[in-house]
Amino acid sequence: MSEAEGNPTPAGSGSEAASFTTFVLSLSTAALQNLGVPVAEGESPCVNLALARQTIDVLEMLQSKTQGNLDQDESRLLGNILYDLRMRYIQAVRDSGCPE
């Protein structure tokens, strides 16, 4: 919320307040990094399947807890992100040769 709405924007948060979409994209980026997907140029993230699974679980919990409260775009974004992360997770587990 902005100052005009009665709640000050946190210092250093930039010109845009956090939104549900920004939060979901942030979690998605963290999961991708833990799956070994480079999200920044020149970066080589380490694979951490346990953290990737935990982040996917958090996104699944958000989907469950916000069902019926999201607009169509937010719901579609969350569903698409979860599908993509699940498929990447399955592939990463297969590539690692380790059981889940």
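This briefing covers the helices, salt bridges and surface of the protein above. The model is predicted: local features need pLDDT of at least 70, side-chain atom pairs count only at pLDDT 80 or more, and totals for chains, interfaces and linings use all residues. Residues are numbered from 1 along each chain as its sequence is written, and side-chain values use heavy atoms, with hydrogens and water left out. The protein has three helices and zero strands.

**Fold and helix packing**

- From the N terminus on, the elements run α-α-α. Helices (H or I, at least four residues) and strands (E, at least two) are DSSP runs, numbered from the N terminus.
- Two packed helices are described by the angle between their axes and the distance between the axes.
- Helix H1 spans residues 20–34 and helix H2 spans residues 49–65. Their axes come within 8 Å and cross at roughly 155°. Axes are lines fitted to C-alpha atoms, for helices over the stretch in contact, and angles run from 0 to 180 degrees between N-to-C directions.
- H1 and H2 are therefore roughly antiparallel to each other. Angles under 35 degrees count as roughly parallel, over 145 as roughly antiparallel, 65 to 115 as roughly perpendicular and the rest as oblique.
- The crossing of H1 past H2 is left-handed. That term applies if the near helix is turned anticlockwise from the far one by less than a right angle; clockwise is right-handed.

**Burial**

- Of the 100 residues in the protein, 23% are buried. Buried means under 20% relative accessible area, exposed over 50%, partly exposed in between (1.4 Å probe, protein chains only).

**Salt bridges**

- Side chains of opposite charge can pair when their charged atoms come close. A salt bridge is a side-chain nitrogen of Lys or Arg within 4 Å of a carboxyl oxygen of Asp or Glu. The count comes to five salt bridges.
- In helix H2, Arg53 and Asp57 are four residues apart, about one helical turn. Their side chains form a salt bridge at 2.7 Å, N to O. Asp57 is partly exposed at 36% relative accessibility. Arg53 is also partly exposed, at 23%.
- A network of salt bridges links Arg53, Asp57, Glu60 and Arg86.
- In helix H3, Asp73 and Arg76 are three residues apart, so about one helical turn separates them. Their salt bridge has an N to O distance of 3.4 Å. Asp73 is exposed at 56%, whereas Arg76 is partly exposed at 43%.
- Asp84 and Arg88 also pair, with the closest N and O atoms 2.9 Å apart. They lie four residues apart in helix H3, about one helical turn. Arg88 is partly exposed at 36%, and Asp84 is partly exposed at 33%.

**Nonpolar patch and Ile90**

- Tyr83, Met87 and Ile90 make a nonpolar surface patch of about 300 Å². Patches are made of residues with over 30% relative accessible area and no salt bridge: like charges are joined within 9 Å, nonpolar side chains (Val, Leu, Ile, Met, Phe, Trp, Tyr) within 5 Å. Accessible areas come from the Shrake-Rupley method with a 1.4 Å probe; for residues, only the protein chains shown count as cover.
- Ile90 is found in helix H3, residues 72–96. Its relative accessible area is 37%, so Ile90 counts as partly exposed.
- Ile90 and Leu49 are 41 residues apart along the chain. Their C-alpha atoms are separated by 9.9 Å.
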